[in-house]
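Please consult the sequence and the model shown below while reading.

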Amino acid sequence: MSHMLRRFATLATIPFLASLAACADGSSTTAPDTSPRPVAIKFAARVGDLPATCSQSYAALGTTRSTASITEFMAYVSDVSLLRADGTAVPVTLTPDAKWQLENITLLDFAAGGAGTNCPNASPETNLQVVGTVPGGATYTGLRFTLGLPFARNHGDATSAPGPLSATAMFWSWNGGYKAMRLDVRSTGSPTGWFVHLGSTGCSPTGSATTVPTSCTARNVMTYTFSNFDAAKQTVVADVATFLASSDLDINLGGPAGCMSAATDGDCAPIFMSFGLPFNGSATPSTQSLFRVIAN
């Protein structure tokens, strides 16, 4: 009996000795802290190497090297995620603030306007970041976001919607929905304005002015992925110069001056290429020239 007791005591000691060995070699059995970790993803607007502001004009834009000024620049981004090294997308849980962020939607406002600026109708406030949390205990190496709104949030009454969907400057109609991006400029040849308003088209049913569609033939939303991105050290830049590089800002090829997303508007062909979107049945471009990542 004493032999059996000694053998049992020896076996019971093995796990304890193993744990001591683990501590001795510096390893730990403590689980990683996966509690929410704050994150702020910074955005900025530029015209080439210059900050994009409402207080100055910019030379040599577009195919005619026109001089232009910005009068409005806003965009909705949604479904923002950080990427792990294996490509797994981890959604950022946004911090709602009843003005710039709601659910998985953020309104970016690049143009600080007001009296005495080139943007007299724009808000004097800006919003240049997406703020929220991600689970801790992981290393994030990339970024993914969508330019535009989820379909369920894209159609309704902007006058009664919560912020940031209450931004009527970004609204077309109940049927057409919101503008995913709005960039208004005045150029040498288009002094009253040349506009880029990206939004959904071909939405049905139409019916009355307040008919909410069930589908759109062209949603015109685009997801952008940056496999190398560090939120603590880098900023996502929307570059007006590269975005407009293939567009003639001094003429109008049909419809309103600029691109209002219509498949029949010739001004939209180079604009959609810059977004990385297919236009009027064309193949999806392999690249885009709107967003790039820079060091802070």
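The model is predicted: local features need pLDDT of at least 70, side-chain atom pairs count only at pLDDT 80 or more, and totals for chains, interfaces and linings use all residues. Residues are numbered from 1 along each chain as its sequence is written, and side-chain values use heavy atoms, with hydrogens and water left out.

**Cavities**

A cavity is a set of points, on a 1 Å grid over the protein atoms alone, where a 1.4 Å probe fits but cannot get out; lining residues have an atom within 4 Å of a point. Grid points are joined across faces, edges and corners, and a volume is the space filled by probe spheres set on the points. The structure holds two cavities of 30 Å³ or more. In the table, Ala, Val, Leu, Ile, Met, Phe, Trp, Tyr, Cys and Pro count as nonpolar, Asp, Glu, Lys and Arg as charged, and the others, Gly among them, as polar.

| Cavity | Volume | Lining residues by class |
|---|---|---|
| Largest cavity | About 50 Å³ | four nonpolar, four polar, two charged |
| Second largest cavity | About 30 Å³ | six nonpolar, one polar, no charged |

The lining of the largest cavity includes Gly148, Tyr178, Lys179, Ala180 and Arg219. Strand β12 (residues 177-187) gives the most to this lining, with three residues; helices (H or I, at least four residues) and strands (E, at least two) are DSSP runs, numbered from the N terminus.

**Nonpolar cores**

A nonpolar core is a set of buried Ala, Val, Leu, Ile, Met, Phe, Trp, Tyr and Cys residues joined through side-chain atoms within 4.5 Å. Buried means under 20% relative accessible area, exposed over 50%, and partly exposed in between (1.4 Å probe, protein chains only). The largest core has 59 residues, of which Ile41, Phe73, Phe145, Met181, Leu183 and Phe275 touch the most other members. Strand β4 gives the most to this core, with seven residues. Leaving aside neighbours within four places in sequence, Met181 is in contact (heavy atoms within 4.5 Å) with residues including Phe73, Leu147, Phe243 and Phe275.

**Aromatic pairs**

Rings of Phe, Tyr and Trp (its six-membered ring) pair if their centres lie within 6.5 Å; planes under 30 degrees apart count as stacked, over 60 as edge-to-face and the rest as tilted. By this rule the count comes to ten aromatic pairs. In one of them, the ring centres of Phe145 and Phe291 are 5.2 Å apart and the planes stand at 90 degrees, so the pair is edge-to-face. Phe145 belongs to strand β10 (residues 140-147) and Phe291 to strand β19 (residues 291-295), so parts 146 residues apart in sequence are tied together. Phe145 is buried at 0% relative accessibility, and Phe291 is buried at 7%.

**Backbone features**

Most residues other than glycine have a negative phi, and most peptide bonds are trans. Asp79, in strand β4 (residues 66-84), has a positive phi near 50 degrees and is partly exposed at 40% relative accessible area. Glu103 also has a positive phi near 50 degrees; Glu103 is partly exposed at 44% relative accessibility. A cis peptide bond joins Gly163 and Pro164, with omega about 5 degrees. Another cis peptide bond joins Ser204 and Pro205, with omega about 0 degrees.

Note on methods: On a 1 Å grid over the protein atoms alone, a cavity is a set of points where a 1.4 Å probe fits but cannot get out, and a pocket is an open set with protein on both sides within 12 Å along at least five of seven lines; lining residues have an atom within 4 Å of a point.
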